[in-house]
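Please open the structure in your viewer and follow the stops below in order. Each stop names what to select and then states what is found there.

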Amino acid sequence: MYLFFLYQEAGKHQDSTVETGVKKAKEHIPPQDCEHLLENTVTETFSLGTLPPIHYLNESVLEQTASERADREMILSQNIGSHSDLISGVYEGGLRIWECTIDLLEHLESEGETFSGKRVLDLGCGAGLLGILALKRGAKEVHFQDYNSTVIEEMTLPNVLLNCDDADEEGNSDSAASKKKSPELPPQVGLARCRFFSGDWTSFLSLVLSSEPHPQYDLIFTSETIYNTAYYPSLHEVLLQLLAPAGLVYLATKAHYFGVGGGLHLFESFVEQKDVFNIKSLKEVEEGLKRHVVALSFKKRD
């Protein structure tokens with residue numbers, strides 16, 4: 001199965017020099033006919049408490065059928081061959097649903113978070129479960145970003161399509177009629193509220209800032225993205241430039257990433273040095289490797 005997408009190249013707005021490990025940002029425009037994106041797929045459903053069910057592709061099947069898929073980056077085959085969840089600068093782990101994403105979903109469920117009318121960015125989205133939750137709970141816009149274009153094309157976009165039929169179910173509850181099971185929506189209805197991007201964060205920021213007005217997000221989700229300290233400056237700049245003044249960043253992370261070097265405490269130190277954001281602890285998980293959910297918001301200035 002081959003997927004065809006239109007791209008907007010961030011290179012139109014950047015110097016042509018490409019640094020090692022830099023991946024130019026692209027916007028992925030879904031095709032008009034989306035039905036073929038879900039052919040020959042195996043799906044699963046994440047359910048938790050009061051959250052709406054979230055449908056997603058089985059990532060193991062996705063990897064096992066790599067030869068049948070459009071994998072221009074060759075990350076599917078490389079990931080299988082290397083037996084690794086991460087190949088720095090090549091594949092940044094987006095095909096796997098990581099533990100901290102589940103931690104953040106659990107926190108959102110416990111808090112009863114809703115997203116009606118909000119603009120949301122799922123940064124380093126992978127399977128896109130966090131952004132999909134926002135979409136299903138009434139977010140005005142949801143933008144998805146991942147380092148790898150293959151992840152966006154083969155995982156994120158199909159997952160959003162799987163959830164489009166009931167994306168407005170919880171977001172529109174003004175009348176008794178709306179509480180009934182509504183007819184299935186065309187995929188374009190849900191997709192009209194979404195945009196999809198791939199590329200490194202510096203290139204992604206350049207691309208979205210090139211449009212006027214550039215987006216500002218009420219909520220930014222980012223999970224398992226601070227494992228490499230070399231990425232902290234570009235991540236911080238994205239948050240600084242794209243978070244709305246009263247916005248909130250939800251960050252889910254391990255306390256430390258062994259073998260890579262990053263972790264919450266190093267990121268907290270980096271953020272404190274920059275003196276732009278407050279960090280508030282929301283949740284700690286002691287099982288296995290210690291994990292955290294924290295919130296970032298702009299410091300108030302006199």
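Begin by selecting Asn-159, which sits in helix α5 (residues 149-163); helices (H or I, at least four residues) and strands (E, at least two) are DSSP runs, numbered from the N terminus. This is a predicted model, in which local features need pLDDT of at least 70 and side-chain atom pairs count only at pLDDT 80 or more, while totals for chains, interfaces and linings use all residues. Residues are numbered from 1 along each chain as its sequence is written, and side-chain values use heavy atoms, with hydrogens and water left out.

With a relative accessible area of 0%, Asn-159 is buried; buried means under 20% relative accessible area, exposed over 50%, and partly exposed in between (1.4 Å probe, protein chains only). Now display its surroundings: leaving aside residues up to four places away in sequence, Asn-159 touches His-55, Tyr-56, Leu-57, Ala-127 and Ile-132. A contact here means heavy atoms within 4.5 Å.

Next, select Ala-25, in the loop between β1 (6-9) and β2. Ala-25 is buried, with a relative accessible area of 0%.

Turn now to the second largest pocket, which holds about 160 Å³ of space. On a 1 Å grid over the protein atoms alone, a pocket is an open set of points where a 1.4 Å probe fits, with protein on both sides within 12 Å along at least five of seven lines; lining residues have an atom within 4 Å of a point. Grid points are joined across faces, edges and corners, and the volume is the space filled by probe spheres set on the points. Select Ile-29, Pro-30, Leu-191, Ala-192 and Cys-194, the closest to the pocket centre of its 13 lining residues. The elements giving two or more residues to this lining are β2 (26-29), α6 (187-191) and β7 (194-198). The lining comprises eight nonpolar, three polar and two charged residues; Ala, Val, Leu, Ile, Met, Phe, Trp, Tyr, Cys and Pro count as nonpolar, Asp, Glu, Lys and Arg as charged, and the others, Gly among them, as polar.

How many aromatic pairs are counted? The count comes to ten, where rings of Phe, Tyr and Trp (its six-membered ring) pair if their centres lie within 6.5 Å, and planes under 30 degrees apart count as stacked, over 60 as edge-to-face and the rest as tilted. Select Phe-115 and Phe-221: their ring centres are 5.9 Å apart and their planes at 80°, so the pair is edge-to-face. Phe-115 belongs to the loop between α3 (99-111) and β5 (119-123) and Phe-221 to strand β8 (residues 217-223), so the pair ties together parts 106 residues apart in sequence. Both Phe-115 and Phe-221 are buried.

Then select Tyr-232 and Phe-270, whose ring centres are 5.9 Å apart with planes at 65°, so this pair is edge-to-face. Both Tyr-232 and Phe-270 are buried. Finally, show Trp-201, Tyr-227, Tyr-231 and Tyr-257, which ring pairs link into a cluster.

To close, colour the model by pLDDT, the predictor's confidence in each residue, from 0 to 100. The protein averages 81, and 74% of the residues score at least 70. Over residues 1-20 the pLDDT is below 50. Where pLDDT is low, the predicted coordinates should not be read in detail.
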